[in-house]
Structures are given as structure tokens and as C-alpha cells.
Amino acid sequence: MPLEAAAPAQLVDWEPAALKLAPGWQPVVERFFASGTGRALTEFLRQRIAAGAVIYPPRPLRALETTPLEQVHAVILGQDPYHGAGQAEGLAFSVPAGVKPPPSLRNIFKELACANPAPPPASGSLLRWAQQGVLLLNAVLTVEDGLPGSHAKKGWEALTDALLAEVAAHASPCVYLLWGAYAQAKAGLITATAEQHGRQALVLQANHPSPLSASRPPVPFLGCAHFALARDWLADRGHPGFFS
């Protein structure tokens, strides 16, 4: 029996028309990649791939593949993917099963333990959350090996802003966990859109879970109780089981 080919560990080509997304996302994504900004981003990615750049993750829009819009009741917003080999898997803060959790993810699990007496997750993969309705979205969806922020301001931010606005306009109730200044900058967009459409939204803000900021003021991530607050708020509105 022939061996099944291993999944690529990096982005090897880029064709937006071939993306297979979960229901609800296609119109937003198609509009973006038909725009001037979207076409420029596609050209940039293709040029970098042709130049031999090692780009992560291999499936940049995996969050949109996994979590249908109609199922979203929580959003965790990251900045850009992990830039180490084998770490990024297209879900914010998540790493594939078997990969050692990076420091930020370890702090996330520490904070989760304060809200959940169950044993800690068996791996660093947050795929289960994504399958339950937690949109694990980075603001920038690709990065080059060893170069954090290398694909910032290339166009991804316009797409992820449009996606956040789509969630805020349709998802209800929905809790938004914004950790760090980069994520917190989206609070106004989320709040204004949710109010405009009459959606129930809880926006929670704290420092980034990175060890550099997790324990510092003004709002330390460790001890913020976001998981407990989100779980209880959603349960009170008929959506139990999140972050438990």
C-alpha cells in the first residue's frame, strides 16, 4: 500500500479561488481578494513563495475552514502566527498536537486552569475550541520563518477587520477576548458594529499572555478571569460548555 503523502509544513502555493471555507465566510473572503488590496496580497505571497521564502502556516485561513460563521460565539484574536518551524497551524495561539506549547500558550493554559478544575489540555492544539465555535483568528495570517511581523501591513489586516465586522454583525451572543494592544485596537470596530446590528457582545481586554506582559499592569493577563467570565456569560445566554 503506498504511503500517504505528509501534509506540507509551510505554504507552498497560494490560490484564493481554491480555498474551501466553512459556511458564512465565502462572500467576505471573495470580496477581499477581488479588491485591489486582496490582489496585491496575492501577488506578494506568490512572489515570496517563488523566491523560496519559508512561510507559515501551510493553511492560513484554517480558522475559517473549521468554524462556520453561524456557530461563532467566542473570538480570540492574536497578532500573527508563530514563526518557528512546525508551530503555526492557522489557529491563533494553537500549535499542532505533539508540539511543545510556546510560552504564551502555556500562560493561556495557566489562566484556563483558574476557571476549569479539569485536567489541563493534553496538547497545545486548540482545534477542539475551534470546532466548538471559538474563532481563533490572527490579525495577520502568514509570517516568514524566524521573522515575526514580516507579513504585517501587506493586506491581511483589511481582511481580518472585515471578518471581525462580519462576526460582530451576525454572531450573538458572542464574547471577544482581546489580549494586548494589537487586539484591543479592534474593540471599537467590534462594539460599534454589534451595537449597530443589535447583537449581544461582551468585549474582554487584558495584556497579552506573553511572559513579557502577562503579569504587568494595567490589566495583567494572569488573573484576568476571562475564561470564567466568558463561560458564565455564554451559559447565561443559552450556550454552555465553552472553555470548560
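This is a predicted model: local features need pLDDT of at least 70, side-chain atom pairs count only at pLDDT 80 or more; totals for chains, interfaces and linings use all residues.

Residues are numbered from 1 along each chain as its sequence is written, and side-chain values use heavy atoms, with hydrogens and water left out.

Q: Why is the pair of Phe-33 and Trp-156 called edge-to-face?
A: The ring centres of Phe-33 and Trp-156 are 6.3 Å apart, and the planes stand at 85 degrees, so the pair is edge-to-face.

Q: What makes this pair a tie between parts apart in sequence?
A: Phe-33 belongs to helix α1 (residues 26–34) and Trp-156 to helix α6, so the pair ties together parts 123 residues apart in sequence. Helices here are DSSP runs (H or I, at least four residues), as are strands (E, at least two), numbered from the N terminus.

Q: Why do Phe-33 and Trp-156 count as buried?
A: Buried means under 20% relative accessible area, exposed over 50%, partly exposed in between (1.4 Å probe, protein chains only). Phe-33 has 11%, so Phe-33 is buried, and Trp-156, at 0%, counts as buried too.

Q: What makes Trp-129 and Phe-243 an edge-to-face pair?
A: Their centres are 5.0 Å apart, with 90 degrees between the planes. Trp-129 lies in helix α5 (residues 127–132) and Phe-243 in the segment after α9, so this pair ties together parts 114 residues apart in sequence. Both Trp-129 and Phe-243 belong to one aromatic cluster, whose members also include Phe-93 and Trp-179.

Q: How do you know that the buried residues of α8 line one face?
A: The buried residues of α8 (residues 187–197) are Ala-187, Ile-190, Thr-193 and Ala-194. Seen down the helix axis, they fall within an arc of 150 degrees, so they line one face of the helix; the arc is that of the directions from the helix axis to the C-beta atoms. On the other side, Glu-195 and Gln-196 are exposed.

Q: Why is Asn-207 called buried?
A: Its relative accessible area is 11%, so Asn-207 is buried. Asn-207 is placed in the loop between β6 and α9 (226–236).

How values were computed. Rings of Phe, Tyr and Trp (its six-membered ring) pair if their centres lie within 6.5 Å; planes under 30 degrees apart count as stacked, over 60 as edge-to-face and the rest as tilted.
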